[in-house]
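Please brief me on the aromatic pairs, the nonpolar cores and the sheet of this protein. Keep it short and give the cut-offs.

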Amino acid sequence: MAALTGPHAHFAERRGRVLRYPVDVTPWLALPDEPDADDWKDVAALAGPGTEVPLLGFAGRIPDDWEVTARIEGVQMVDDGVTPAPDPEAVRLGPADVPEMLDLVARTRPGPFLPRTIELGTYLGIRRHGALVAMAGERLHPPGWTEISAVCTDPAVRGEGLATRLILAVSDGIRERGETPFLHTGAGNATAIRLYESLGFRLRRTTVFGTARAPRRLPVA
């Protein structure tokens with residue numbers, strides 16, 4: 001909610017107390033802390049009948065006429081001694097790079113990345129022989145904080161430390177603005193958690209990555 005009422009307010013689509021990003025930017029939406037029946041009706045109206053809705057961080061009760069389709073335990077980690085550093089090989093990615101970014105995401109599956117996700121912040125990439133082989137960037141932006149997201153590396157060049165370099169480079173830009181980097185990963189992703197801890201991130205809180213399907217027949221307003 002803080003991102004869509006703060007730095008990302010220009011993206012916000014609103015219905016009642018529910019806010020969301022445009023569907024080609026990122027799938028996340030913001031619910032009140034304790035949504036009531038009208039709020040869930042507004043979510044369903046925004047999403048459309050039978051649409052699967054991502055519910056980042058929501059651990060409350062889902063209405064009976066909604067179908068829970070996924071629930072993954074996650075962690076949020078925050079900068080607690082990261083040593084950021086620009087990277088001489090990293091280049092800023094722009095709209096012309098989106099097709100390659102989408103292709104890299106499709107092959108590595110770091111999480112949601114859509115045609116306009118790049119508008120949320122700075123995305124950096126590393127190319128080899130002209131091809132994009134690694135990237136990372138900025139997504140959610142609550143006041144004073146910026147989430148590092150879409151960290152991914154082509155399998156052909158894994159093990160070269162490219163993800164580490166890009167995380168530190170993105171962190172450098174965030175810190176230069178006087179903000180604090182943070183990121184998310186699955187609670188069971190021990191490899192990623194060890195990497196982030198080695199870079200100076202610490203566990204801030206646990207969270208939930210969930211999805212639920214709206215009713216196929218929406219109530220008449």
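The points below cover rings, cores and strands in turn.

This is a predicted model: local features need pLDDT of at least 70, side-chain atom pairs count only at pLDDT 80 or more, and totals for chains, interfaces and linings use all residues. Residues are numbered from 1 along each chain as its sequence is written, and side-chain values use heavy atoms, without hydrogens or water.

**Aromatic rings**

- The whole structure holds six aromatic pairs. Rings of Phe, Tyr and Trp (its six-membered ring) pair if their centres lie within 6.5 Å; planes under 30 degrees apart are stacked, over 60 edge-to-face, the rest tilted.
- Phe113 and Tyr123 are edge-to-face, because their planes stand at 75°, with ring centres 5.5 Å apart. Phe113 lies in the loop between α3 (98-108) and β7 (123-128), and Tyr123 in strand β7, 10 residues apart. Helices (H or I, at least four residues) and strands (E, at least two) are DSSP runs, numbered from the N terminus.
- Both Phe113 and Tyr123 are buried. Buried means under 20% relative accessible area, exposed over 50%, partly exposed in between (1.4 Å probe, protein chains only).
- Trp145 and Phe182 also form an edge-to-face pair, with centres 6.3 Å apart and planes at 80°. This pair links strand β9 (residues 145-153) to strand β10 (residues 180-186), 37 residues apart.
- Trp145 is partly exposed at 30% relative accessible area, whereas Phe182 is buried at 5%.
- The charged end of Arg204 sits over the ring of Trp145, 5.3 Å from its centre. The criterion is NZ of Lys or CZ of Arg within 6 Å of the ring centre and within 35 degrees of the ring normal.

**Nonpolar cores**

- The largest nonpolar core has 24 residues; Met77 and Leu166 are among those with the most contacts inside it. Such a core is a set of buried Ala, Val, Leu, Ile, Met, Phe, Trp, Tyr and Cys residues joined through side-chain atoms within 4.5 Å.
- Helix α4 gives the most to this core, with seven residues.
- A second, separate core of 14 residues includes Val18, Ile62, Trp66 and Ala214.

**Sheet**

- Eight strands form an open sheet with mixed pairing, in the order β4-β11-β5-β10-β9-β8-β7-β6. Two strands pair if DSSP finds at least two bridges between them.
- β4 (52-56) and β6 (91-92) each have a single partner strand, so one side of each is left without a neighbour in the sheet.
- β9 and β10 pair in the parallel sense over three bridges. Phe182 in β10 is the bridge partner of Glu147.
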